[in-house]
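Here is my notebook from a browse through one structure. Have a look at it first, and then we can go through the entries together.

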Amino acid sequence: MALSLSVAALGFNAPLPAAVASRSAVRMAFEGEINPGPQGVYDPLGLVADGDQEKFDRLRYVELKHGRICMLAILGHVVTSAGVRLPGELSFGLPFASVPTGIKALSVVPAAGLAQIFAFVGFLELFVMKDVEGTGEFPGDFRNGFIDFGWDNFTEEEKASKRGIELNNGRAAQMGILALMVHEMLDNNPYIINDLLGSPVPFNAGF
């Protein structure tokens, strides 16, 4: 009886597994950061297990940037799938109305057009979409004293809520655009959920 109680006591006082201890340390190290969801900082690969704030800020900046790009990509995919196009021509003899949606568009856009897209993205990356003035309040703050939309009038709770919403929406958009691309390549049916709901989308019909 005494031996059983001793073993049980040792079990209750046993050290936490390394993975559990590591997750707890990460949550404590970045407790003040914006981390939507009950799990706090989700770091299954242990990228910030050492509690390095600079590394965390860099990864959060990259995550926000990718999330913003993917939210725009989802919006563009949905809008063009609905048949909306810009007026005029993308290049000489190629009207926007003749450009399909999604990955298939890459086979239609001329090489010079793709080069212009990459050059424009590079320009934004190097000179625009960054904290040019060094006045950002948090990673991903690219207002640079120009665009505000009333941010300075929000309470701290409102700011935290809006940052959390952006972070979660960006994560969802990253998964969403990946799913659209995968299903487009599999069977040219990216909006498979519409099929399941009985409202199929004639994706790229006529292209």
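The entries below cover the core, a surface patch and the aromatic pairs.

**Ground rules.** I am working with a predicted model, where local features need pLDDT of at least 70, side-chain atom pairs count only at pLDDT 80 or more, and totals for chains, interfaces and linings use all residues. Residues are numbered from 1 along each chain as its sequence is written, and side-chain values use heavy atoms, with hydrogens and water left out.

**Entry 1, the core.** I looked up the largest nonpolar core and found six residues: C70, A173, I177, L180, Y191 and F203. A core here is a set of buried Ala, Val, Leu, Ile, Met, Phe, Trp, Tyr and Cys residues joined through side-chain atoms within 4.5 Å. Buried means under 20% relative accessible area, exposed means over 50%, and partly exposed lies in between (1.4 Å probe, protein chains only). Helix α5, residues 156-187, gives the most to this core, with three residues. Helices are DSSP runs of H or I with at least four residues, numbered from the N terminus.

I then checked Y191. Leaving aside residues up to four places away in sequence, Y191 touches H77, V78, S81, L180, V201 and F203; contact means heavy atoms within 4.5 Å.

Which residues form a nonpolar patch on the surface? I noted F120, F123, L126, F127, V128 and M129, with about 600 Å² of accessible area together. Areas come from the Shrake-Rupley method with a 1.4 Å probe, and for residues only the protein chains shown count as cover. Like charges are joined within 9 Å, and nonpolar side chains (Val, Leu, Ile, Met, Phe, Trp, Tyr) within 5 Å. F123 lies in helix α4, residues 111-128, and is partly exposed at 42% relative accessible area.

My search of the whole structure gave five aromatic pairs. Rings of Phe, Tyr and Trp (its six-membered ring) pair if their centres lie within 6.5 Å; planes under 30 degrees apart count as stacked, over 60 as edge-to-face and the rest as tilted. Y61 and F142 have ring centres 5.8 Å apart and planes at 75°, so I logged this pair as edge-to-face. Y61 sits in helix α3 (residues 53-81) and F142 in the loop between α4 and α5, so the pair ties together parts 81 residues apart in sequence. Y61 is buried at 16% relative accessibility, and F142 is buried at 17%.

F138 and W151 have ring centres 5.8 Å apart and planes at 55°, so that pair is tilted. F138, W151 and F154 form one aromatic cluster.

Definitions and conventions
Helix = DSSP H or I, 4+ residues; strand = E, 2+ residues; numbered from the N terminus. Patch = residues over 30% accessible without salt bridge, like charges linked within 9 Å, V, L, I, M, F, W, Y side chains within 5 Å. Salt bridge = Lys/Arg side-chain N within 4 Å of Asp/Glu carboxyl O.
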